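User: I'd like to learn how to read side-chain contacts and helix packing in a protein model. Could you walk me through it with the one on my screen?

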Amino acid sequence: MLSLPTGLMTRYLSPRTRNTASEYFYGKLMKRGCLFSVSGAVCASTLAKNGISVTLFESARGPGGRMSQRREMTEDGRELHFDHGAPYFSVSNNPGVLRLICEWQSKGLVDEWNEKFATFDFASKQFLDIEQEGLDKKYVGVPGMNSICKSLCQEPGVESRFGVGVGKLEWSDNEDSWSLMGLNGESLGSFKGVVTSDKSTFSQRFTNVTGKPVPIDMGKFPEIPLKMTEIPVNPCFALMLAFEEPLTEIPIRAFSFKKSKVLHRAFCDSSKPGRSRNSECWVLHSTAEYAQDVIAQTGLQKPSSATLAKVAEELFQEFQSTKLGIPPAFFKKAHRWGSAFPAISIAEDEKCLWDAKKRLAVCGDFCVSPDVEGAIISGLAAAAKCSEGLCHL
């Protein structure tokens, strides 16, 4: 979320802030789940470049969301890294997004992933629809997918407060500002505006996951559509694998699966630019159907170690059943993305949701399209709305 402080919050103000002395806040509300997302990071960075200082709140240890990178240590002390959420991203011809990509490339934050993509058919045990290299540019963060968000939240004018979750947001007409409180009721300050990219902000899902009340009263915000209350999502399990030697019998480094009820896609992280080649690391994503079945049995609360171990074994067995000569992995660990992948877009025309009176914006891939480009477009739209709202203060 993003917010604008009152005079009591001058300690957050940047020398670059406009005469309106306004500050926006961006972050995540949930105690656990998605991390700091690219839509919010883009929004915060854009506002900061326009002279508006920004404070970011995030209950997790670092930024990334689905663009986070997982760091794991093996028992023998080897360090492994996995892009276990978004494996890559592509862009269309949106000029705003293309400008950002060029900027990030010039800073060494992203690079093209020049690999052929394909589909693996479980019935025939053959690769189908092999892409021609360079037909559709695919980008990855360097040295990890989280490099983009890490850089954006460290820019001048952006203050990041990781490990701080927001549990309640209250609007005061008298003060013309927001009051933010932590998950345990502690005051986080007063702000003139808020941006959130957490689709659970208005949803009972927040309570189902955290055990806390929904942080904001939906009835007080008629400008935010009711469809925001329950955005359908596609859950997914990610399996992180590491092998001693390259999987030489697999000619394609990134592919989706056809006619599998368990596996949706597979990616070789080690083939991406800027990655270590000491071990061969792969990430598998389950189908939404498989993940929904597991969640139906275990619930939305944090999955147990036993559940994750069972999931890891089932996904790996399906991978080995491809007959592609998959050897035993020396590292194998599953992660659940319970609600990270939105199934619909709720603001395709507006690109974000906006309550002008209370200066509340909602951005994220669920507003435009369920991918990184959609998240970037929504973040840029939210920044434009916030900047416009400041002009009237």
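User: Let's begin with Thr-322: which backbone oxygen does its side chain reach?

Analyst: A polar contact is a pair of N or O atoms within 3.5 Å; within protein, one must be able to donate a hydrogen and the other to accept it, and residues adjacent in sequence count only if both atoms are side-chain atoms. Here the Thr-322 side chain reaches the backbone oxygen of Phe-319 at 2.6 Å. Bear in mind that this is a predicted model, where local features need pLDDT of at least 70 and side-chain atom pairs count only at pLDDT 80 or more, while totals for chains, interfaces and linings use all residues. Residues are numbered from 1 along each chain as its sequence is written, and side-chain values use heavy atoms, with hydrogens and water left out.

User: Where is Thr-322 found, and is it buried or exposed?

Analyst: Helices (H or I, at least four residues) and strands (E, at least two) are DSSP runs, numbered from the N terminus. Thr-322 lies in the loop between H6 and strand E18 (331–342). Buried means under 20% relative accessible area, exposed over 50%, and partly exposed in between (1.4 Å probe, protein chains only). Thr-322 has a relative accessible area of 0%, so it is buried. Contact means heavy atoms within 4.5 Å; leaving out residues up to four places away in sequence, Thr-322 touches Phe-120, Phe-122, Lys-125 and Phe-257.

User: And Asp-129: is that one buried or exposed?

Analyst: Asp-129 has 63% relative accessibility and therefore counts as exposed. This residue is in the loop between strand E7 (126–128) and strand E8 (139–141). Not counting residues up to four places away in sequence, Asp-129 touches Phe-117, Ala-118 and Thr-119. Asp-129 and Phe-255 are 126 residues apart in sequence, yet 9.8 Å apart in space, C-alpha to C-alpha.

User: Now helices. How do H5 and H6 cross?

Analyst: Two packed helices are described by the angle between their axes and the distance between the axes. Axes are lines fitted to C-alpha atoms, for helices over the stretch in contact, and angles run from 0 to 180 degrees between N-to-C directions. For helix H5 (residues 288–298) and helix H6 (residues 305–320), the axes come within 12 Å and cross at roughly 155 degrees. That makes H5 roughly antiparallel to H6; angles under 35 degrees count as roughly parallel, over 145 as roughly antiparallel, 65 to 115 as roughly perpendicular and the rest as oblique.

User: Which residues of H5 and H6 meet?

Analyst: On H5, Tyr-290, Val-294 and Thr-298 meet Thr-307, Val-311, Glu-314 and Leu-315 of H6. This contact has 4 nonpolar, 2 polar and 1 charged residues. Ala, Val, Leu, Ile, Met, Phe, Trp, Tyr, Cys and Pro count as nonpolar, Asp, Glu, Lys and Arg as charged, and the others, Gly among them, as polar.

User: What about H2 and H7: at what angle do they pack?

Analyst: Helix H2 (residues 95–106) packs on H7 at about 105 degrees, with the axes 10 Å apart. That makes H2 roughly perpendicular to H7. Gly-96, Val-97, Leu-100 and Trp-104 in H2 meet Glu-373, Ile-376, Ile-377 and Leu-380 in H7, a contact that divides into 6 nonpolar, 1 polar and 1 charged.

User: Finally, how many helices and strands does the protein have?

Analyst: The protein has 7 helices and 20 strands. Of its 393 residues, 57% count as buried. Among contacts between residues at least 6 apart in sequence, 72% join residues at least 24 apart.
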